[in-house]
Every structure is written in C-alpha cells, then in structure tokens.
Amino acid sequence: MIFPATPALPPLLDLGGMAIFALSGALLAARLKQTFVTVAFFALLTGVGGGSVRDALIGVPAFWLRDMWAAPIILAMSLLAWFTPRRWWEGQLLEWADAFGMAAFCALGTAKALAFDVAPLPAIVLGIISGCVGGIIRDVIAGEPSILMRPELYVTAAALAATLCAVLLIAGVPQSFAMGLAALAGFALRGAAMIWKIELPSYSRQD
C-alpha cells in the first residue's frame with residue numbers, strides 16, 4: 001500500500017487546533033501565576049509538543065519549524081492568556097475545542113506516520129502521541145495530574161481516532177475522508193465521555 005507523502009489538515013483547522021492546544025498550555029501557566037516567559041513556554045510545549053515528538057521519531061524536521069504561522073500563533077495565544085481575565089476561559093468551550101483538536105491531530109499523525117512507511121501499529125501509537133503528548137508533558141512539568149493518570153476517556157478517544165484512521169487508509173479509503181471520519185469518531189467518543197461522565201474502570205484487584 002502506497003500512501004500520499006504529505007497528509008495535511010485544512011490550513012484553518014490545522015492552525016486552529018495548534019492555537020487551542022497552545023492556549024490551554026498558556027492558561028495553565030497563567031492559572032499557576034507564572035511569568036510571561038513560562039506562559040509562552042507552556043503554549044509552545046502544548047501547541048507543538050506532540051507533533052514534534054512524532055516527527056523526531058519518524059526522523060523528519062519538526063513540522064512547525066517550516067510553518068511561518070506557528071510561532072506567531074503561539075505567541076498570540078500566550079498574549080491572549082496573559083491579558084485576559086481567567087473567568088473568560090471557565091466552562092467547557094475550551095475543553096470541547098481541545099477534544100476536536102486532539103482527534104484531528106491523532107488522525108493526521110497516524111496518516112503522516114503511514115506515509116513515511118511506519119508499520120500500522122507504531123503509526124497508531126504515533127497518532128496518539130501527536131494528539132496527547134504535548135498536554136502530558138505540560139501537566140508533568142506543571143505538577144498537575146496527567147491525563148494518563150485520570151480515568152476519563154481522553155487517550156482512549158485518541159486511540160480510536162488513530163486506529164480508525166489507520167484501518168481506513170490501509171483499506172484504501174481516500175485520505176481526506178479517512179482522516180475526517182476518524183477525527184469525528186474520536187471527537188464523538190470524547191464528547192460522550194464529557195457529557196455522560198464516562199470513565200474507564202480502575203484496577204481494583206486485592207492481594
């Protein structure tokens with residue numbers, strides 16, 4: 001199976017997802033009352049962290065190094081978090097936007113990995129990394145409970161998006177349709193978990 005060499009999201013969706021991730025990182029640093037340098041660093045880390053790790057593992061230049069809009073968007077999100085009241089960002093709007101960005105980036109990451117001849121299962125892992133690792137690194141540095149340590153369906157939704165994308169692409173489904181369907185599936189699962197508080201069961205075996 002030969003995959004297109006340069007899978008990509010629509011530009012507005014790609015930049016919008018990066019902006020949402022960057023804003024979430026900047027807002028966390030702002031909530032912790034950090035300096036603007038830390039706010040900007042958290043925005044960068046969250047905005048491009050997952051994709052950078054993916055590209056490093058594939059062995060290609062990090063995607064944002066050649067994107068003229070990446071750095072300005074990250075800086076803009078840092079300034080937005082710094083100069084706006086925190087109450088503006090309370091509620092679930094940002095969480096819903098994050099859910100869609102996560103699902104879209106997982107699908108993109110999987111498609112990109114397959115395009116660089118990564119085997120299907122590792123490609124799925126790289127897709128999950130694309131959508132989740134930036135936030136995980138952010139939380140670890142901030143000393144916050146990581147999404148990996150919470151029972152909510154976040155990484156599970158990422159895994160659904162990545163797996164479905166790989167399956168559809170291997171089956172010969174056109175790339176844009178495969179990525180779109182996979183992203184919607186991951187978003188739907190994450191959304192259902194947010195609405196109905198669906199969680200994975202915790203380990204409970206007694207010695």
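Predicted model: local features only at pLDDT ≥ 70, side-chain atom pairs only at ≥ 80, totals over all residues.

## How α4 meets α6

Start with helix α4, residues 93–115, and helix α6, residues 155–170: their axes lie 8 Å apart and the two pack at an angle of about 40°. The crossing of α4 past α6 is right-handed.

On the α4 side, the contact is made by M102, A103, C106, A107, T110, A111 and L114. On the α6 side, A157, A158, A161, A162, C165, A166 and L169 take part. Sorted by class, this contact of α4 with α6 holds 13 nonpolar residues, one polar residue and no charged ones.

## The largest nonpolar core

The largest nonpolar core has 35 residues, and M102, C132, C165 and M179 are the ones that touch the most other members. Two or more residues come from each of α4, α5 (120–142), α6 and α7 (175–196). Helix α4 gives the largest share, ten residues.

C165 is worth a click in your viewer. Beyond its neighbours within four places in sequence, C165 is in contact with A107, T110, A111, A178, M179 and A182.

## A second core

There is also a second, separate core, with 20 residues. Among them are L27, A43, A70 and I73. As general background, nonpolar side chains tend to be buried together in soluble globular proteins.

Terms used: Residues numbered from 1 in each chain as written. Heavy atoms only, no water. Axes fitted to C-alpha atoms, helices over the stretch in contact; angles between N-to-C directions. Helix = DSSP H or I, 4+ residues; strand = E, 2+ residues; numbered from the N terminus. Left-handed = near helix turned anticlockwise from the far one by under 90°. Contact = heavy atoms within 4.5 Å. Nonpolar A, V, L, I, M, F, W, Y, C, P; charged D, E, K, R; others polar. Core = buried A, V, L, I, M, F, W, Y, C linked by side-chain atoms within 4.5 Å. Buried < 20%, exposed > 50% of the residue type's maximum accessible area, 1.4 Å probe, protein only.
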